[in-house]
Amino acid sequence: MDNLTLKLRGMSCAACANNVEQAILSVPGVIDCNVNFGAEQASINYDYKRTNLEEIQAAIEAAGYSSFSLSEEQGEDDTETASRLAEQQELVLKLKTGGVISIFLFFGSLPMMTGLNLPFIPSFLHHPWLQLVLTTPVEFWCGWSFFRNAWKSLKHHTATMDTLIALGTGTAYLYSLVVTLFPGLLISQGLEPHVYYEVAAMVVTLILLGRFLESRARGQTSAAIRKLMGLQAKTARVIRNDVEMDISIAEVRINDVIVVRPGEKIPVDGEVIEGASTVDEAMVTGESLPRKKQPGDEVIGATINKTGSFKFRATRVGKDTFLAQIVKLVQEAQGSKAPIQRLADQVTGWFVPAVIAIAIATFVIWFNIMGNLTLATMTTVGVLIIACPCALGLATPTSVMVGTGIGAENGILIKGAESLELAHKIQIIVLDKTGTLTQGKPTVTDFVTVHGTANSNELGLLQLAATVERNSEHPLAEAVVQYAKSQEVSLATVNNFLAIAGSGVQGIVNDHLVQIGTQRWLTEIGINPDSLQQYQLGWESSGKTVIFIAVDGALQGIMAISDALKPSSAQAVKALQNLGLEVVMLTGDNQQTADAIALQVGITQVFAQVRPDQKAAIIQSLQSPIQNSKSQIVAMVGDGINDAPALAQADVGIAIGTGTDIAIAASDITLISGDLQGIVTAIQLSRATINNIQQNLFFAFIYNIIGIPIAAGILYPIFGWLLNPIIAGAAMAFSSVSVVTNALRLRNFQPGVK
Ligand SMILES: Nc1ncnc2c1ncn2[C@@H]1O[C@H](COP(=O)(O)OP(=O)(O)OP(=O)(O)O)[C@@H](O)[C@H]1O
Ligand SMILES: [Cu+]
Ligand SMILES: [Mg+2]
């Protein structure tokens, strides 16, 4: 199975998105497909053994739309923008032509519309033949795309918003043409031979105007992506054959040695090999404090070198760089569908046919009841015009695009619209202790053996312990090894090494069986761990982790390891509680230590001594409904490595990453910097986005809900009100613009401000 994202062109409304989706799904071998109108993107899951990119693109082509793949975008980008520009220019020309002509027609029809005698308007403007000559180019040149697209979809037995506009304005035009040619037809019926050319021309112009404004505003919804891509440096100074030279970023290869001076942008990802400096990584990680860099440290492309100069070896270039991955991820997220959009999708599916049915009913009823052809035609045109579902298709995707973009700017990577939507419903948030609340860089602070402290026995035991721990990748093990190094203890070799997850490690060193782990584990394997209790209890109550070292089945010493809290932890926990969330701590560590840490950060609910494989089960139990209420939405925050099952079990899995080793895959949301404040921001952003979507849906529906019945003439019998088709056209154009503009308002989102 393979996954593919295509950029789409030629869609004019959500009904088009439906058509493209159907076209792609009809290709044998396509498993699943999701077309996003707002992002003009399709994401497709397909079986690469049964179909390929060409077949899928051909199907899209056959349905009357065009596509190009996101991955080949680098090359395609220029032609893409060029053709888009040409299209824009043509649209502007059509808009100007339509605008000027519409103004003449508008003044020409004013006397008739208002029923007043307006002497300043020359009467020739009202002449039907002149109006015909003026309107024809507007209808068939400016409005040509409506007819072309309507025809294309008719061939595929579908209908889109273009169908409605073509029908609406075409009807107004044809009606007027008939009246111009055979005024006698109406006069014989006792009706005035009024023409409605201005309706055809103005509606076309207004809708073009709406599209123009909409596409301009829509361009801004992907501003975040462009901003991210703009961060990329253009050139790199590499050393090749001992010569320093400036080359373009595209030519940088892995293992190139690159020189960076103070104030310069770091071109690609790499590892420092010489020199030292501090680097401002805010643009990529959201972390505001500059980071110190020295040989061995990772640097991220697009971040800015501050103080010193250094050399580094390129480790990731081109589309593999951290920045490129972020851009790709955000693009994919922007194209994904939020569950809240399903409603809009369902509506658009039957919307256009339903509107055509209502329009026909309107015509039939008015013509039969009133016997008035003019009234029947104009109400029908009004219904067709006001009913366009285009704003509906924009409501969700535009907000999602802006929301995910804002997230990325703040160092929050949101995998898809679904996670973005779900985050605002989180009720319980589970925080892992090590690496999440704490810095995850534990250090040994105390060490005592059964023979007391500071004797030769101590270093011997330390050697045994560190020798075993060197084979474990657990952060605690790392701390023990570091401590041994600082005491200048050399390490021996270990045999039969075994790690028991959540309990400890063991191995044979110099013919001694060494076992290091939790108090509980030692008890389980029949070793009494209690002889150093007076030290143990004090250390634990200050929040340190105590590990127990046994040699040949007897306790020989214990060690206290402390892992400092992140400076932001307590504040973030408080902020989460203020948002109304229940904050829970989950850890494999001992109960006393866990309680002590929980107290420091203000958490009351603690699950301690949880084995790694039980963490997911705890999440599940938190999710289950409490007494005849609904099930709970639980988020899990972890460092993404050993917490993967729990992250996956949670409704929203939030991974904390540092630098470039982020486990993007395991989580729904990734906080690039380790700062927990990011969780608060993510939840606030989710709330703001959902709010925004709801406003958009309101804007999108309100025009149709109010407009269609009025246009159909529901108020005519009571008040004599009808909706002038021109007003309908204006409302329609305004609805999409107001939706996109409202979505752009989301860009003002400020993290941390409620
Ligand atoms: N390599 C090891 N050396 C010594 N003790 C270990 C080792 N691995 C695990 N332990 C013991 O097992 C306990 C539980 O480990 P686990 O990895 O499940 O959780 P943790 O990393 O301490 O905490 P958290 O669940 O918050 O990440 C540790 O607190 C430690 O006492
Ligand atoms: Cu529309
Ligand atoms: Mg852990």
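Analyst: A polar contact here is a pair of N or O atoms within 3.5 Å; within protein, one atom must be able to donate a hydrogen and the other to accept it, and residues adjacent in sequence count only if both atoms are side-chain atoms. This is a predicted model, in which local features need pLDDT of at least 70 and side-chain atom pairs count only at pLDDT 80 or more, while totals for chains, interfaces and linings use all residues. Residues are numbered from 1 along each chain as its sequence is written, chains are lettered from A and ligands numbered from 1 in the order in which they are written, and side-chain values use heavy atoms, with hydrogens and water left out.

With that cut-off in hand, a polar side-chain atom of Asp589 lies 3.4 Å from an oxygen atom of ligand 1. Asp432 also contributes through its side chain, where an N or O atom is 3.2 Å from an oxygen atom of the ligand. Gly502, by contrast, takes part through its backbone, one N or O atom of which lies 3.3 Å from an oxygen atom of ligand 1. Taken alone, ligand 1 exposes 600 Å², and the protein buries 95% of that, with accessible areas coming from the Shrake-Rupley method with a 1.4 Å probe and, for residues, only the protein chains shown counting as cover.

The shell can be described by its members. There are 22 residues around ligand 1, and Glu469, His474, Thr587, Gly588 and Lys615 come nearest; a residue is near a molecule or strand if one of its heavy atoms lies within 4 Å of it. By class, the shell residues divide into 6 nonpolar, 11 polar and 5 charged, where Ala, Val, Leu, Ile, Met, Phe, Trp, Tyr, Cys and Pro count as nonpolar, Asp, Glu, Lys and Arg as charged, and the others, Gly among them, as polar.

In terms of secondary structure, helix 16 (433–437), helix 18 (475–486), strand 18 (504–509) and strand 20 (545–551) each supply at least two residues of that shell; helices (H or I, at least four residues) and strands (E, at least two) are DSSP runs, numbered from the N terminus.

Gln427 is found in the loop between helix 15 (417–422) and strand 15 (428–432), and at 34% relative accessibility it counts as partly exposed; buried means under 20% relative accessible area, exposed over 50%, and partly exposed in between (1.4 Å probe, protein chains only). The C-alpha atom of Gln427 is 7.9 Å from that of Ala635, although the two residues are 208 apart along the chain.

Asn496, in strand 17 (residues 495–500), has a positive phi of about 50° although it is not a glycine, and its relative accessible area of 60% makes it exposed. Ala302 likewise has a positive phi, near 80°, in a residue other than glycine. Its place is the loop between strand 11 (298–299) and strand 12 (304–305), where Ala302 is buried at 0% relative accessibility.

A search of the whole structure finds 9 aromatic pairs, counted when the ring centres of Phe, Tyr and Trp (its six-membered ring) lie within 6.5 Å, with planes under 30 degrees apart taken as stacked, over 60 as edge-to-face and the rest as tilted. Tyr535 and Trp539 form a tilted pair, 6.0 Å centre to centre and with 40° between the planes. These two residues are 4 apart in helix 20 (residues 533–541), and are therefore separated by about one helical turn. Tyr535 is partly exposed at 33%, whereas Trp539 is buried at 11%. Elsewhere, Phe140, Phe147, Tyr173 and Tyr197 form one aromatic cluster.

As for the setting as a whole, the protein has 27 helices and 26 strands, and 54% of its 754 residues count as buried. Along its principal axes the C-alpha trace spans about 120 × 70 × 50 Å.
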